[in-house]
Amino acid sequence: MREVDETHTNFAWRFAHDRIRQAAHALVDPAMAESVRLAVGGHLLRRLDEGPASAPDREQRVFEVVEHLQAARGALGGAERVRLEELQLEAGRHAIASAAFGTAHAILSTAAGHVEPGAWEDRYDRVLAIHLESARAAWLAGDRDAMRARIDEALARARTPMDRVAAREIEIDAHVGEQRFAEAVSTALEVLASLGVTFPAEPGAADVGAAVEDALRALEAAGPEAIVRMPEVTEPAARVAMRIQNAIMSSAYLARPMLFPLLACSLVRTTLRHGPTRQSPYGFAVFALLLNVHYRIDVEAGVGDLSA
């Protein structure tokens, strides 16, 4: 017994062990299973919607509701299926955040697989999010084919360039995670070009030297006090571009070393132009190392301080 409210006789129960729960499920007549699941899922959903709960308790309740309503999906009405989509997305995101990638993959692939005709038009933002999170969960769970299918569907349905970039970001992350560094860099450069951020095709020492001097002039023009007071970036394209550049820094270092310093210089210049993001400190730290290499020790310490 989990909770007891003696005044209102409002009891909640749970099985002491998953094996006992499975044995109890096995005793349910298959012909009645769907209706039982529907009744239990509906009851749990009403409890979920009754009022606020602590974050861990809500997460557990959402998983329980999704488990039952997915099993009873054939008996759900249209509005109930839409509500299930919402809960599947919430549960899938919780599972990814908890590193329960197999669970996330199972829930989100089920959600994506049951998208009905017209859903992309009626609930575009949610259905897109389901496909993107399903792709993320698939690669984290090791199912590359499912990831590719979800990304392709999202790209085919995407309404805006930023939505397409969001799908390609997952592809980049998967390449990095699988140590396919050259592919990660190539894909990232394609996406960055679509955002207006370009780099030389075959950068050399002259390109690196010019980028360092350009970033250094921008730094000196802004001044350290102004940089510290800068508001955070608000331009979505600039924010995403900085995130992608930061994501491929290690891949570039290993697969295309001459691109690595250019990425750091770009992060510095973009920060000065649009404002800082979470990726800015790393860009400034790498740029400080570059200044050492270029014998600009006189300013290196000050730039390093900006990364702290």
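Trainee: What share of the contacts in the protein with a separation of 6 or more comes from residues 24 or more positions apart?

Mentor: In this predicted model, residues 24 or more positions apart account for 64% of the contacts that have a separation of 6 or more.

Trainee: And how many helices and strands are there?

Mentor: The secondary structure comes to 17 helices and two strands, and of the 308 residues in the protein, buried ones make up 40%.

Trainee: Which residues in H3 are buried?

Mentor: The buried residues in H3 are Arg-61, Val-62, Glu-64, Val-65, Val-66, His-68 and Leu-69. As background to reading such a list, an α-helix has 3.6 residues a turn, so residues three or four places apart point the same way.

Trainee: Moving on to the backbone, what is the phi of Ala-99, and where is that residue found?

Mentor: Phi of Ala-99 is near 65°, which is a positive value in a residue other than glycine, and Ala-99 is found in the loop between helix H4 (78-97) and helix H5 (101-113). For context, most residues other than glycine have a negative phi.

Trainee: What about Gln-179, where does that one lie?

Mentor: Gln-179 has its place in the loop between helix H9 (161-177) and helix H10 (181-194), and its phi, near 60°, is likewise positive in a residue other than glycine.

Trainee: Why does Gln-179 count as exposed?

Mentor: Gln-179 has a relative accessible area of 58%, and the cut-off for exposed is over 50%, so Gln-179 is classed as exposed.

Trainee: New topic: how many cavities of 30 Å³ or more does the structure hold?

Mentor: There are two cavities of 30 Å³ or more, and the largest cavity has a volume of about 40 Å³.

Trainee: Which residues line the largest cavity?

Mentor: The lining of the largest cavity is made of Arg-73, Arg-81, Glu-85, Gln-88, Thr-110, Ala-111, His-114 and Val-115. H4 and H5 each supply at least two residues of that lining, with the largest share, three residues, coming from H4, and by class the lining divides into two nonpolar, three polar and three charged residues.

Trainee: And the second largest pocket, how much space lies in there?

Mentor: About 450 Å³ of space lies in the second largest pocket, which is lined by 18 residues, with Arg-136, Ala-166, Glu-169, Asp-173 and Arg-243 lying nearest its centre.

Trainee: Which helix gives the most to the lining of that second largest pocket?

Mentor: H9 gives the most, with six residues, while helix H7 (124-140), H9 and helix H13 (236-247) each supply at least two. The lining of the second largest pocket has eight nonpolar, two polar and eight charged residues.

Trainee: How many aromatic pairs does a search of the whole structure find?

Mentor: The search finds two aromatic pairs. One of them is formed by Trp-120 and Tyr-124, which is a tilted pair at 6.0 Å centre to centre with 55° between the planes, and both Trp-120 and Tyr-124 are buried.

Trainee: Why is the pair of Tyr-253 and Phe-260 edge-to-face?

Mentor: The ring centres of Tyr-253 and Phe-260 are 5.2 Å apart and their planes stand at 70°, and because planes over 60 degrees apart count as edge-to-face, the pair takes that description. Tyr-253 counts as exposed at 53% relative accessibility, whereas Phe-260 counts as buried at 15%.

Trainee: Last one, Thr-271: buried or exposed?

Mentor: Thr-271, whose place is in helix H15 (residues 259-274), is buried, with a relative accessible area of 2%. Leaving aside its neighbours within four places in sequence, Thr-271 is in contact with Met-230, Met-242, Pro-276, Ser-280 and Phe-284.

Trainee: Actually, one more: how far apart are Ala-193 and Ala-241 in space?

Mentor: Ala-193 and Ala-241 are 9.5 Å apart, C-alpha to C-alpha, and 48 residues apart in sequence. Ala-193 has its place in helix H10 and is partly exposed, with a relative accessible area of 41%.

Methods. Residues numbered from 1 in each chain as written. Predicted model: local features only at pLDDT ≥ 70, side-chain atom pairs only at ≥ 80, totals over all residues. Heavy atoms only, no water. Helix = DSSP H or I, 4+ residues; strand = E, 2+ residues; numbered from the N terminus. Buried < 20%, exposed > 50% of the residue type's maximum accessible area, 1.4 Å probe, protein only. 1 Å grid on protein atoms, 1.4 Å probe; cavity = no way out; pocket = protein on both sides within 12 Å on 5 of 7 lines; lining within 4 Å. Points joined across faces, edges and corners; volume = space filled by probe spheres on them. Nonpolar A, V, L, I, M, F, W, Y, C, P; charged D, E, K, R; others polar. Phe/Tyr/Trp six-rings, centres within 6.5 Å; stacked < 30°, edge-to-face > 60°. Contact = heavy atoms within 4.5 Å.
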